[in-house]
Every structure is written in C-alpha cells, then in structure tokens.
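Colleague: I have a few minutes before the next meeting. Can you walk me through this one?

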Amino acid sequence: MSRKLLAVLATATCVGSSAFAQGILTAETAAPSTTPGISIIALSEAASKAGIADIQVTAGQTLTNSVQNVAEGKTDIAAAPFILPFLLSRGVGPYAGLGAEAGGDLADNLAVLYTYRISVQGLFAYDSAGISGWDGLEGKTIFNGPPRGAALTNARLLVKTVAGLDEGTGYTGVQVNWGQAVKTIQDGSADAFVLPQAFPDPRVTAALASGNMTVFSMPKDVHESEAFQKVAKLPGTVAFSMPVAEMGYGDGVTVVSEDDTFRGPGTVGGDIVNVSMDFDTAKALTAAFIANIEPIYQAKASFMKAAWHGETDLELTDMCGTNPIKYHPGAVAAWEEAGYPLPDCAK
C-alpha cells in the first residue's frame, strides 16, 4: 500500500466526524511568505478541512519569542528552528535572562509534530553595491535578521565562519523585524544581506524592483572545512547543497559559485506544541499534515516542494543528538500509522 494511501487512511481514522468538536487553537509563525509562515498557514487549512480545529495564526513573529510562548502554554503551536529549543534548554543566547534551570524546565515542555527545512542561510547583495563576495564584507553594513532571532544567531556565526569577521569590529549589523525586511533590503540601509533563503527566495524576488542582485554561495573549501563541519553539527543545522540550475531564479538574479553548486548551512526545524497537548489532537493535526503535503503544503509556493516536508530521515530532520526536542506521542502514532518509520531516539 502506498504511503499516500496510508496517510489518507490514517487521517480518516484520526479525524472522523465524530472524533472532534471543532475547537480553537492559536499559532505563531514567521512572515507569511516564508517556509515556516506557509507551513503554519497550511496546517490551519488542513486542520479546518479535517474538522480538527480552527487555528488562529499570527504571522511575522520573532520565533525566539514564539518558542518560549509555546513552552509557557501561552500559544498552542509555533514554527521553531531547532537551535531555539537547544538554546532554551541551556538558558543561553536569547534566553540567557532565564538561566539554565528555568530554561531547561521550559524546553522540557516542547514537542514537535513534524519537521522541515526552514531555510538556507546565505549572502546576497545588489549588484550596484559592489560586493565581491564573502571576502568583501569587512567594514560593510550587513542586514542579518531580526533582533533576538535564530536567524541573527546563525548569520553572525556564518559570517564569522566564512569571512572571519565579528559584528561590531569587522562589520556593522542591522536588525529589523521580518515585516520590514523587504523595505530594509530596498532602502539602502545595508550594503549586503546575510539572511535565511528559500529557492527562489520571495524576499529576493520582491526586492528586484530596486535593481539586479547577486546571491553568493559559500566557497566549496569552507563548506568542506573542519570549522564548518562543527557548525553543521549544531542543533537544527545541516550541510546543504543544490545545483544552481535548480534554485529557480530568473532574470535579475546571478548566483556566484565556483562549480555551479550553491552551498550553505541549512536551518532545520518544525512546527512545535506543548507536551500537554492532548494525544488525539496532536495525532489528528499530524495526520492532517501528512495527508496534505502535496495538495496544500507543496501547492502554496514553488520553494515548498523542496522544503523536506514529510521527511523523517535523521540527516534531514536533525532530530536526536544534541537536539533536545522529540516528537509528541500523538505525532509518533500518526507517523507510524501512515507508514513512516521514526527513530527511537526521537520518540
């Protein structure tokens, strides 16, 4: 029996007409044009279609805050780069104010329904800015994400790894919330941009009205270096490569790579809930997701087809290891009933 048919049967079992009284859930996510934004919006459609719940989605959020809101029980569902539960579990980075004990207690409250590749961190700039590549960033102003976000943490680490530069001494960083991202790209506030990208990236294509752009791959030797391999072992980070020809860009965007392959750190995460979410709801939400990967999730944007929705392989999900988050028991049941194997370390 095919996985698709198994998924449909599992959904029918989980979300039959008598199983649920239509409820209301809350969700937070990033900008609606991004992979996590579309993922949560697609879940709200799938849940409504299946009669599970109406999900009230608040988009354009800084996911650092959204993860903490789910852990504290203030929000039911959120998109989460897996670096954030890791940082929360240790009370460091954007959660340093909580401390290790409080942060660890909150991280224990988190579980994931399903995973996906959120983005690939990378460098791009307007051609008019005269940026030569990663080796041309010293002394420049770089827009590198929103305040306190995982994107900012990843961008700073990436510039340090590739160019050897620290914010404040090697370059000037600019941070604004995602809702202002395209405006900030266009208004000349920064010389270059180190941001999460999809392919083709909606922020890049939207900003083309102000001029042609170049997207710069991470150099191959850096991608294969010991320093980057350490970065790729961080929770929620995987080494990523893609043929330039498959990135989906048209006129106005040039991709610079020494061998027609784009490389960078992929950011992996998922849609998370509090562990207190009841088993049946978590199972039904996950089953609805599985059944709608193609008709809803992948149909919403061209880049969603390559976002690894529906993957359970550890190399793509980055579950286990130093990642503290595991699948909700209800999600485990939905995945296994739909014929997908899950590693024991992720349950």
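Modeller: Here is a quick tour, from the overall fold down to single residues.

Colleague: What kind of model is it, and which pLDDT do local features need?

Modeller: It is a predicted model; local features need pLDDT of at least 70, side-chain atom pairs count only at pLDDT 80 or more, and totals for chains, interfaces and linings use all residues. Residues are numbered from 1 along each chain as its sequence is written, and side-chain values use heavy atoms, with hydrogens and water left out.

Colleague: Fine. How many helices and strands does the chain have?

Modeller: There are 14 helices and 12 strands. Those are DSSP runs, numbered from the N terminus: helices are H or I with at least four residues, strands are E with at least two.

Colleague: How compact is the chain?

Modeller: As compact as a globular protein of that length, because its radius of gyration is 20 Å, close to the 20 Å from the globule rule for 347 residues. The radius is taken over C-alpha atoms, and the rule is 2.2 Å times the number of residues to the power 0.38. Along the principal axes, the C-alpha atoms fill a box of roughly 60 × 45 × 35 Å.

Colleague: What percentage of the residues count as buried?

Modeller: Of the 347 residues, 56%. Buried means under 20% relative accessible area, exposed means over 50%, and partly exposed is in between, with a 1.4 Å probe and protein chains only.

Colleague: And what about contacts across the sequence?

Modeller: Take contacts between residues at least 6 apart in sequence: 78% of them join residues at least 24 apart. Contact means heavy atoms within 4.5 Å.

Colleague: Switching to cysteines. How many disulfides does a search of the whole structure find?

Modeller: One. C320 and C345 form it, with their sulfur atoms 1.9 Å apart. The cut-off for calling a disulfide is a pair of cysteine sulfur atoms within 2.5 Å.

Colleague: Which parts of the chain does the pair link?

Modeller: Distant ones, 25 residues apart. C320 is in the loop between helix 13 (314-317) and strand 12 (326-327), and C345 is in the segment after helix 14 (329-337).

Colleague: Why is the disulfide right-handed?

Modeller: The torsion about the S-S bond of C320 and C345 is about 90 degrees, so the disulfide is right-handed.

Colleague: C320 first: buried or exposed?

Modeller: C320 is buried, at 11% relative accessible area. C345 counts as partly exposed, at 35%.

Colleague: Who else is in that loop between helix 13 and strand 12?

Modeller: D318 is found there. D318 has a positive phi of about 55 degrees although it is not a glycine. D318 is buried, with a relative accessible area of 17%.

Colleague: Where is W308, and what is its phi?

Modeller: W308 lies in the loop between helix 12 (293-297) and helix 13. Its phi is near 70 degrees, a positive value in a residue other than glycine. W308 is buried too, at 18%.

Colleague: Which residues does a cis peptide bond join?

Modeller: F199 and P200, with omega about -5 degrees. P200 sits in the loop between strand 7 (192-197) and helix 8 (202-207).

Colleague: Now helix 3. Why is it largely enclosed by the rest of the structure?

Modeller: Eight of the nine residues in helix 3 (residues 63-71) are buried, so the rest of the structure largely encloses it. Among them are L63, V67 and V70. T64, in the helix, is at 0% relative accessibility.

Colleague: What is T64 in contact with?

Modeller: Leaving aside neighbours within four places in sequence, T64 contacts L84, P94, Y95, R148, G149 and A150. Just after helix 3, G73 takes a positive phi of about 80 degrees.

Colleague: And F216, where is that?

Modeller: F216 is in strand 8 (residues 213-216). F216 is buried at 6% relative accessibility. Not counting residues up to four places away, F216 touches L123, F124, I131, S132, G133, W134, V256 and F262. The C-alpha atoms of F216 and W134 are separated by 7.6 Å, and the two residues are 82 apart along the chain.

Colleague: Last one: where is P32?

Modeller: P32 is in the loop between strand 1 (23-28) and helix 2 (35-49). P32 is partly exposed, at 48%. Beyond its neighbours within four places, P32 is in contact with G37, I38, I41 and A59.
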